[in-house]
Amino acid sequence: MMLEMLLLPYPLLGLLLLTLLGAALLGAALLSRQRAPARNKIPRAQRRREVALQQMAALAQRLREQEPGLDPKPILELPLVELAQKLQAEELSLESVLCSYLEEALKVHQEVNCLTDFLEECEEQLQALKKLKKSERGLLYGVPMSLKDPYDCMGHDSTCGLAQFLEKPAAKDGVLVKVLKAQGAIPFVKTNIPQTLLSFDCSNPIYGQTRNPLNLKKTPGGSSGGEGALLSKGGSILGMGTDTGGSIRMPCSFCGVYGLRTSRSRLSYTGIASAVKGKKSVATVAGPMARDVDSLVLCLRALLSEDMHQLDPTVPFMPFREEIYSNTRPLRIGYYESDGFSQPSPSMARAVRLTCRLLQDAGHEVIPFSIPRIEYAIQELYTGGLFADGGATLLEKLEGDIVDPSMKASVTQIRLPDLLKCILARILKYIEPRTAQTLEMIRGVKTPKKLWEQHTAVEEYQQEFIAKWRSLDLDVLLSPALDPAFYIGYPAKAAGGGRIRGAPSGCAVHRFAMGRGTLSSVHEGGGNLDQEPERTQMTSHFFWRSSYILIQVLHRWTPSHSRWGSG
């Protein structure tokens, strides 16, 4: 009342004060919203996904009404190359193909939880493609395809499984998405990933756990696990993943599909989100995933176009080299059963030997190869390069978020105070030396000079590896893949694994063995493994688990735990 009496003679002053008061309250509300934990965005994101999937089902229904007699089975059974040919020849309509994959992707999602978003603009793109002349159609004309979550699509989040990245839709399509659309592909869904993309599982607090369609008790692998699951079950015919230390190769191995980890700078990485940007010594690359090798070839033919170089001049213009792909001369192929760092399971070693015999029968020459200084490459260069900042960037992205179970072991170690990491490393040096060395590496680089030395060491190692490669005049390198898929949650407990499919498919071909994951041979049942882990492997697992428990207990006594929250 007193305030009203004072302001009554001065209406303009009163209006100004009320305006300032309102602005202050609005600013405080906005500031409070900004400071609210990132995890508060998760329920809204989950509701958005529900709405998006409803829109996806509605589009499928509209397309179905246009072709009520549509039988999707013959369409879904077509390999990509044949499907693309039939679309070009107009033997199949764009609507019937998109409808078939919309319906099938929804069915697969209901079973394995692999989708994170529906790209509703696919309907508009379909209509635009129908207006093109035959001479204007790209290699992937009318082909529906899926994209891993971090691929930027205008108006959609690229979350990396992190709450901080929610409600920050991409302002434009990423370079590869633009190239794929220019080639006529129709991206229609985005697929699930593990939180931060730095896990061999496929789970995050936003969208939950994706399951392996070949065995629902197991993970499809990570980090391109949603792609692997969707492709394996036929909900997509072509997808795009990313790979640092196995993120394309592992899901393909676990789900029985095909993928290619391209060489660094072969494909543009502009417009692909990352939890930790700026990694120079450890490269993350983009690559296609599909149900057969011919599909990967067709996708690369489409991607390696002048369009990509024009959109991203940092990528050298080097088209798909048909003369190399079609060359029938015998190859010199290097191989190894073990890289010297991780012991392969019996089925993995058997797969390498069988593949070598088949290659020799086909007229190729196979030559034993050993990875130079593997312990140094994995621990100091790979792990040290991933955590050069001591994990500070990763922890920053997780602030205010729920830490997924698949990441808790790693995050717990990173959050330990530097002094405690140092002490634990010294204690474990004589019990579990690799764990001790990992703790040393995740302490990070302490000075700019050390960072320069690390980058120099990577360059020197690359030259050392290339020199050994050239000394044997190798064309390709054959290395063990993984044997049966992990049970869900197992990657968070211990490294190890294998694949679900048979031994012959347990091999991967690499042009260079750089960037392989740091896996031990410990596994936990399933798949085609018919032998238990060797005693030494089980002993190593026991010490790893003991070390992990010790780290968790000590972590609860440190101030950093209360500072970051329990996650």
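How do the axes of α6 and α7 cross, and within what distance do they come? In this predicted model, local features need pLDDT of at least 70 and side-chain atom pairs count only at pLDDT 80 or more, whereas totals for chains, interfaces and linings use all residues. Residues are numbered from 1 along each chain as its sequence is written, and side-chain values use heavy atoms, with hydrogens and water left out.

The axes of α6 and α7 come within 11 Å and cross at roughly 155°. Axes are lines fitted to C-alpha atoms, for helices over the stretch in contact, and angles run from 0 to 180 degrees between N-to-C directions. The angle makes α6 roughly antiparallel to α7 (under 35 degrees counts as roughly parallel, over 145 as roughly antiparallel, 65 to 115 as roughly perpendicular and the rest as oblique). Contact, meaning heavy atoms within 4.5 Å, is made by Leu94, Glu95 and Leu98 of α6 and by Cys122, Leu126, Gln127, Leu129 and Lys130 of α7. By class, this contact has five nonpolar, one polar and two charged residues. Ala, Val, Leu, Ile, Met, Phe, Trp, Tyr, Cys and Pro count as nonpolar, Asp, Glu, Lys and Arg as charged, and the others, Gly among them, as polar.

Helix α7 spans residues 122-130, and its residues Cys122, Gln125, Leu126 and Leu129 are buried (under 20% relative accessible area, with exposed over 50% and partly exposed in between, for a 1.4 Å probe and protein chains only). These residues lie on the same side of α7, because they cover an arc of only 105° around the axis. An α-helix has 3.6 residues a turn, so residues three or four places apart point the same way. The cover over the buried residues of α7 includes α3 (42-66), α6 (94-112), β1 (115-118), α8 (175-182) and β3 (186-191).

Lys421, Leu424, Ala425 and Leu428 of α18 make the contact with Pro433, Thr435, Ala436, Leu439 and Glu440 of α19. Six nonpolar, one polar and two charged residues make up the contact of α18 with α19.

Ser305 is found in the loop between α11 (293-303) and α12 (306-311). This residue counts as buried because its relative accessibility is 14%. Apart from neighbours within four places in sequence, Ser305 is in contact with Val179, Gln183 and Phe317.

Notes
Helices (H or I, at least four residues) and strands (E, at least two) are DSSP runs, numbered from the N terminus. The arc is that of the directions from the helix axis to the C-beta atoms.
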